[in-house]
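Have the structure open while you read.

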Amino acid sequence: MLDLGDLEHNGVVIIDNISSRAELKRLAKSIGEIRPHPNGENIATLKSSDGRSSLPGTLSNIYGLSAFPFHTDTAFWGIPARYVVMGMFSKSQCTTNYISLSDITRVVSNDFRAKAEKSIYLVETFEGCKYTSPIFCQNGVSGIRFDPNIMKPANVHAERFHSELLEALRSIEPRKIHWDGNKAVVFDNWKNLHGRSAVNNERREIFRIYLES
Ligand SMILES: [Fe+2]
């Protein structure tokens with residue numbers, strides 16, 4: 001169903017002909033172990049909305065139907081989800097956009113990683129707050145953690161890292177996933193930041209599964 005080497009190499013893989021939640025789940029299980037969201041769901045159904053009834057602090061609550069800024073999913077976990085599987089069975093004009101860590105590395109200064117290593121961020125969600133680093137390494141694989149929505153720089157190095165990263169994200173043309181029906185996408189959440197374009201006059205419904213590292 002999916003070439004794992006392809007995913008490892010490219011960081012993002014698109015799979016066609018996925019037309020149900022059961023197929024999406026099967027795809028996810030062929031890659032890794034599903035980790036439920038803190039709300040207990042294996043598959044989250046994300047519906048576009050103006051955000052007024054969304055949980056406080058979530059992207060939907062803050063941005064509603066506008067574009068979502070680039071971020072890591074589950075940045076508030078000790079180690080963020082390694083892979084994110086997303087599926088949409090209907091068509092949508094609204095694209096999922098992403099920028100890879102290697103694209104970022106190409107445009108930032110040589111000491112960007114050193115800045116990251118010295119950075120401390122405060123992560124705040126409705127569940128609580130803690131300090132964290134924007135980079136991490138597990139089993140020899142390093143990753144980036146960035147969600148400007150819930151992460152605030154807490155030292156001068158993080159302030160410098162933050163503004164350099166935001167400037168890099170503004171300067172890079174993102175890659176786009178066009179949802180044209182019965183499609184799934186698996187992306188490496190440690191090696192890509194992703195966002196969403198604005199939603200116009202449609203009821204967008206996307207399904208999402210998190211996979212353990
Ligand atoms: Fe996301």
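1. For a place to look, take Cys137, whose bridge partner in β9 is Ser142. Bear in mind throughout that this is a predicted model.

2. Stay with that hairpin for its turn. Two residues sit between β8 and β9, and Asn139 takes a positive phi near 50° there. Asn139 is not a glycine, and most residues other than glycine have a negative phi.

3. Asn201 is another residue to check for backbone angle. Its phi is near 45°, again a positive value in a residue other than glycine. You'll find Asn201 in the loop between β13 and β14. With 6 other C-beta atoms within 10 Å, Asn201 is exposed.

4. Now the overall picture. The chain has six helices and 14 strands. Its C-alpha atoms fill a box of roughly 45 × 40 × 35 Å along the principal axes. The radius of gyration is 17 Å, and since a compact globule of 213 residues would come out near 17 Å, the two agree. Buried residues make up 30% of the 213. Of the contacts with a separation of 6 or more, 79% are between residues 24 or more positions apart.

5. Next, the five-stranded sheet. This open sheet runs in the order β1-β12-β4-β14-β2, with antiparallel pairing. At the edges are β1 (12–16) and β2 (44–47), each of which pairs on one side only. From one strand to the next the twist averages 20°. At the β2 end, four bridges tie β2 to strand β14 (residues 205–211), antiparallel. Thr45 has Phe207 of β14 as its bridge partner.

6. What lies across this sheet? Helix α2 (residues 21–29) does, spanning β1, β4 (83–88), β12 (183–188) and β14. Relative to β14, helix α2 runs at about 25°.

7. The largest nonpolar core draws on several of these elements. It has 35 residues, and those with the most contacts inside it are Leu24, Val84, Val85, Met86, Ala184 and Val186. Two or more residues each come from α2, β4, α6 (156–171), β12 and β14. Which element gives the most? That is β4, with five residues. As a general matter, nonpolar side chains tend to be buried together in soluble globular proteins.

8. Leaving aside residues up to four places away in sequence, Val85 touches Leu24, Leu27, Ala28, Ala184, Val186, Ile209 and Leu211. Among these contacts, Leu24 and Val186 are also on the list of residues with the most contacts inside the core.

9. There is also an open sheet of four strands. Its order is β3-β13-β5-β11, and the pairing is antiparallel. Here β3 (68–71) and β11 (175–177) are the edge strands, each pairing on one side only. Neighbouring strands are turned by 20° against each other on average, direction ignored. Inside this sheet, strand β5 (residues 96–100) and strand β13 (residues 192–196) share five bridges and run antiparallel. Tyr98 stands opposite His194 in β13.

10. Last, look at Trp190, in the loop between β12 and β13. Why does Trp190 count as buried? Because 23 other C-beta atoms lie within 10 Å of its own, and the cut-off is 20 or more. Not counting residues up to four places away in sequence, Trp190 touches Pro80, Arg82, Val141, Gly143 and Ile144. The C-alpha atoms of Trp190 and Ala81 are 7.7 Å apart, with 109 residues separating them along the chain.

Technical notes: Residues numbered from 1 in each chain as written. Predicted model: local features only at pLDDT ≥ 70, side-chain atom pairs only at ≥ 80, totals over all residues. Pairing = 2+ DSSP bridges. Axes fitted to C-alpha atoms, helices over the stretch in contact; angles between N-to-C directions. Contact = placed C-beta atoms within 7 Å. Rg over C-alpha atoms; globule rule 2.2 N^0.38 Å. Buried ≥ 20, exposed ≤ 12 C-beta atoms within 10 Å, placed from the backbone. Core = buried A, V, L, I, M, F, W, Y, C linked by C-beta atoms within 7 Å.
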